[in-house]
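Me: I have a structure open and would like to talk through the words used to describe it. Could you take me through them?

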Amino acid sequence: MIAANTNSTDCLISPAISPALIEGNAKIAAPLKIGILASGSGSNFEVIAEAIQQGQLNAKIPVLIYNNPEAKAVARAEKYGIPSILLNHRDCKSREELDTKIVKTFQEYDVEWVVMAGWMRIVTKVLLDAFPNKVINIHPSLLPSFPGIRAVEQALAAKVKITGCTVHIAHLEVDSGPILMQAAVPVLPDDTPETLHARIQVQEHKIMLGAIALIADRHPV
């Protein structure tokens, strides 16, 4: 009998992340200035911030924008001395109004790329046009499978044997756009949404760093 692989650290990532890419990335002269959008716990945000602090990513985070007053990402930003700004979507009359405020804030902080690290809002042309092909998103499925909300639950309902996560360039259609990196995660017979999501999140952290490292590696010095 073939045993299922339950090891979250031993999953297929494509394209493969070279250790030299991450470890040697900080030798490049000009750091990539990335603005972070987060709505919740901010675990992906902290992984990025920690990698930058440890000299593993040639990047800097001028500012974190969050839309949920109770977002735990704020405490993580304070830990790393990163400014955080609340732009509550409930105070805006439209998605475009929120994105206009986001663009203005990021421009004030001289942001070059935008990373949606658990950003639970649909973005509009306002943001995408201000940062053309420079907005990246992470999604807990192997896109184009299971776009939209509750991707983990969708995978379990479909009874697939493999799911995963994707980092991609954000386009106007939800969870669409060129794929930068993906990681495959096996679905186990006794998985719940919580257990499967936990294993997917381990891979999310890896490919988020990998994708940013690829972008920074190609960033002009």
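Reply: Happy to; the answers below go from helix packing to the pocket and then to the backbone.

Reply: One thing before we start: this is a predicted model.

Me: Thanks! Why are α2 and α7 called oblique to each other?

Reply: Helix α2 (residues 43-53) and helix α7 (residues 193-218) pack at about 45 degrees. Angles under 35 degrees count as roughly parallel and 65 to 115 as roughly perpendicular, while over 145 is roughly antiparallel and the rest is oblique. The angle of about 45 degrees falls in the rest, and α2 and α7 are therefore oblique. Their axes lie 10 Å apart, and α2 passes α7 in a right-handed crossing.

Me: What makes the contact between α2 and α7, residue by residue?

Reply: From α2 come Ser43, Asn44, Val47, Ile48 and Ala51, and from α7 come Gln201, Glu204, His205, Met208, Leu209 and Ile212. By class, the residues of this contact are six nonpolar, four polar and one charged.

Me: How is the packing of α6 and α7 described?

Reply: The angle between α6 and α7 is about 115 degrees, and their axes are 10 Å apart. This crossing is right-handed. Val152, Glu153 and Leu156 of α6 meet Pro193, Leu196, His197 and Ile200 of α7. That contact has five nonpolar residues, one polar and one charged.

Me: On to the largest pocket: what is its volume, and which residues are closest to its centre?

Reply: The volume is about 1,000 Å³. There are 37 lining residues, and Gly118, Trp119, Met120, Ile138 and Pro140 are the closest to the centre.

Me: Which elements give two or more residues to that lining?

Reply: They are α2, β7 (135-139), α6 (151-158) and α7. The largest share, four residues, belongs to α7. In classes, the lining holds 15 nonpolar, 15 polar and seven charged residues.

Me: What makes aspartate 110 worth a look, given its phi?

Reply: Most residues other than glycine have a negative phi. Aspartate 110 is not a glycine, yet its phi is positive, about 60 degrees. You will find aspartate 110 in the loop between α4 (95-108) and β6 (113-116).

Me: And which peptide bond is cis, and what is its omega?

Reply: The bond joining leucine 143 and proline 144 is cis, with omega about 15 degrees. Most peptide bonds are trans. Proline 144 sits in the loop between β7 and α6.

Definitions and conventions:
Residues numbered from 1 in each chain as written. Predicted model: local features only at pLDDT ≥ 70, side-chain atom pairs only at ≥ 80, totals over all residues. Heavy atoms only, no water. Axes fitted to C-alpha atoms, helices over the stretch in contact; angles between N-to-C directions. Left-handed = near helix turned anticlockwise from the far one by under 90°. Contact = heavy atoms within 4.5 Å. Nonpolar A, V, L, I, M, F, W, Y, C, P; charged D, E, K, R; others polar. 1 Å grid on protein atoms, 1.4 Å probe; cavity = no way out; pocket = protein on both sides within 12 Å on 5 of 7 lines; lining within 4 Å. Points joined across faces, edges and corners; volume = space filled by probe spheres on them.
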